[in-house]
Amino acid sequence: MAEAGSFAERVKNQADIVRVIGEYVRLKKSGQNFTGLCPFHGEKTPSFAVHPVKQIFHCFGCGKGGDVFSFVMEMEKCPFPEAVKIVAEKCGIPVPRPKERTPEERKENQQRAALIEIHREVQAFFVRQLESTAEGKAARAYLEDRGLHAEAIARFGIGYAPSGGDVLLRHLKPKYAEKLLVESGVISRDQSGTRLFDRFRKRITFPIANESGKIVAFGCRALGDEMPKYLNSPESPIYSKSNLLYHLDRAKETIRRQDFAILVEGYMDAIAVARAGIANVVASCGTSLAEPQIKLLGRFTKRVIVNYDPDVAGQAATERSLALLLENDFEVKVLALPAIGNKKADPDLFIREKGADAYIKALKESPPYVDYLIARARQMDLTTGEGKQRALNFLMPYVQKIPNQLLRSEWATRIAQQLRIDEPVLRAALNKSAAERRSEVKVAPQLVGKPAKQIERRLIRMLAEAEGFNRELAQRLQQGRLYEGLETERVFAALIAAGFSEEPIPATEIGAQLEERDRRVFFEILFEDAQEPTWEEAESCLEALRRRQIEQELAKVQRTIEANPSGTGLRELLERKQELIKQLAARG
Ligand SMILES: [Zn+2]
């Protein structure tokens, strides 16, 4: 954790947890806290709270909680040092340059920097080719024909790769080593391994940038009927297809602000949608979405409208992506554009033919994914039992992926109605398959953690916060062993130990020492709206605990007597019983 005097501690002291979490979650002020929809579990009403003073967060639904670093670690799925760095960057705290540990690492960093440099150079080259060569002129005509005019060409960095076969190679060769050029993916080596040539020839080029806007690859479309129609950069040390979303660098701010994203298949679609004035669009650049891409998108929003191509491959891709998105707690809608004439419409074609307004309208009306899936299932033959079974088998895996039980139940009713299946039968099937994948079923929040009793809650709050008397309180609790046997015993133990320390210990550190279940209770208590405690109140709470202790002993004595009425030591037990009864009476 954040050690005293460390960079992490400095960051923690300077960072504003509300601001950092506010970049991921839309927070609203609510009393002394801020609340919002929990990014770690699907929910419709906010149970996620951030405490600006204590600098902690806590979700009353799923129980996740901690400090600003644990939030970022969970959110970005990164280790502690990385979380410290991210928080520092978000708060404008200069990060000390990490020492490059090994010569290999230094070499790798240099290689990556060189590859980025090559891509910048190649991008400028492709743009020049489009602007000022005879071949480029033909390419421009093609782009014009697709509605891509100068403004769009400049905005999306569209270029042209000439047909010669080694034009780019000759341009790059004086500056870069052959090995590096091949690694970059823009230059290929023939099978014999002797001859180098341009990977992209006679193609329109689209630069593909990573999240921070650096060009790391190219996507290229054939000008005529050459195959393949689309040819992209291969994977390289700076480019991994499944880790990148096209246009995210430009879309991320709007995605975060509007809290949803439109997901399309290819860069042509993304460009068309962005040009229609919808900035929050990203493309997966491949038929199916990979898990890392979903995690990447999940940093900006958990709501997405999937608008893939309506062909069979697109449908399959939509369905595969849906499954993954649902597993990752996304709220998903599906836009399946209507055919234009006898042509199935992708976003690019639809916007060109029908205009941006029609697209925006379709977007607004796009149904939740289950409706989309039910519509797909209804296209199957439902006149026979086997047909219905097939339709159900098609739907079931998606329904199972809905983390929220109530929602799942709602959809079961809907599916039963729409497919005309007997509802109890459907539910039985659903329950059975749910049981078979038990390990993936999340525990409902209401089943986790019984709330600690009011007196315990108040005392815990005082131990954590009442600077005037929490030390005295810790001593009294310790002397009488008053907290033993309480549900919150371990929370008390940690707080009492902290109460005896010289320096005040922040709540997050105490929380970090506790087991998950105890930490949840502790954080919940810290988030309660509560009045300033007084010593009088503390005393009355102590008294209640003392009373409880006597009552418990009395019950125990009574049980012993009843268990063995003629045993030895009965006299002592009876005497003790009378003594305890007297003590209780004296306490009123
Ligand atoms: Zn939660």
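Colleague: What is the relative accessible area of C62, please?
Modeller: The relative accessible area of C62 is 25%, so C62 counts as partly exposed. Buried means under 20%, exposed means over 50%, and partly exposed lies in between, with a 1.4 Å probe and protein chains only. Please note that this is a predicted model: local features need pLDDT of at least 70, side-chain atom pairs count only at pLDDT 80 or more, and totals for chains, interfaces and linings use all residues. Residues are numbered from 1 along each chain as its sequence is written, and side-chain values use heavy atoms, with hydrogens and water left out.

Colleague: And C59, buried or exposed?
Modeller: C59 is buried, with a relative accessible area of 0%.

Colleague: Which protein donors does the zinc ion have?
Modeller: They are C38 (SG), H41 (ND1), C59 (SG) and C62 (SG), at 2.1 to 2.3 Å from the zinc ion. Donors are N, O and S atoms within 2.8 Å of the metal, or 3.2 Å for Na, K and Ca; water is not among the atoms, so sites may look incomplete. Along the chain, the donors follow the spacing C-x2-H-x17-C-x2-C.

Colleague: Why is the arrangement around the zinc ion called tetrahedral?
Modeller: The angles that the four donor atoms subtend there are 101 to 119°, which makes the arrangement tetrahedral.

Colleague: Let us turn to strands. Where do the side chains of β3 point?
Modeller: In strand β3 (residues 48–51), F48 and V50 point one way while A49 and H51 point the other way, and all are buried. Strands are DSSP runs of E with at least two residues, helices are runs of H or I with at least four, and both are numbered from the N terminus. In a regular strand, side chains alternate between the two faces of the sheet.

Colleague: How many bridges join β3 and β4?
Modeller: Four bridges join β3 and strand β4 (residues 56–59) in the antiparallel sense; two strands pair if DSSP finds at least two bridges between them. Opposite H51 stands I56 in β4. The two strands form a hairpin with four residues between them, and Q55 in the turn has a positive phi of about 55°.

Colleague: Which other residues have a positive phi without being glycine?
Modeller: D259 has a phi near 55°, and R481 has one of about 45°. D259 sits in the loop between α10 (248–258) and β12, whereas R481 lies in the loop between α21 (470–479) and α22 (489–499). Most residues other than glycine have a negative phi.

Colleague: A new topic: in what order do the strands of the parallel sheet run?
Modeller: This open sheet of four strands has the order β13-β12-β14-β15. Its edge strands, which pair on one side only, are β13 (281–283) and β15 (331–334). Neighbouring strands are turned by 30° against each other on average, direction ignored. Helix α11 (residues 267–275) packs on the sheet and touches β12 (261–264) and β13, its direction making about 170° with that of β13. Contact means heavy atoms within 4.5 Å; axes are lines fitted to C-alpha atoms, for helices over the stretch in contact, and angles run from 0 to 180 degrees between N-to-C directions.

Colleague: And the antiparallel sheet, what is its strand order?
Modeller: Its four strands have the order β6-β9-β10-β11, and the sheet is open. The twist averages 35° from one strand to the next. Helix α11 packs on this sheet, touching β9, β10 (215–222) and β11, at about 100° to the direction of β10.

Colleague: Finally, how many residues has the largest nonpolar core?
Modeller: The largest nonpolar core has 64 residues, and those with the most contacts inside it are I158, V186, Y246 and Y359. Such a core is a set of buried Ala, Val, Leu, Ile, Met, Phe, Trp, Tyr and Cys residues joined through side-chain atoms within 4.5 Å. A second, separate core has 46 residues, L296, L322, V334 and V399 among them.

Technical notes:
Tetrahedral: all angles 85-135°; square planar, octahedral: opposite > 155°, others 65-115°.
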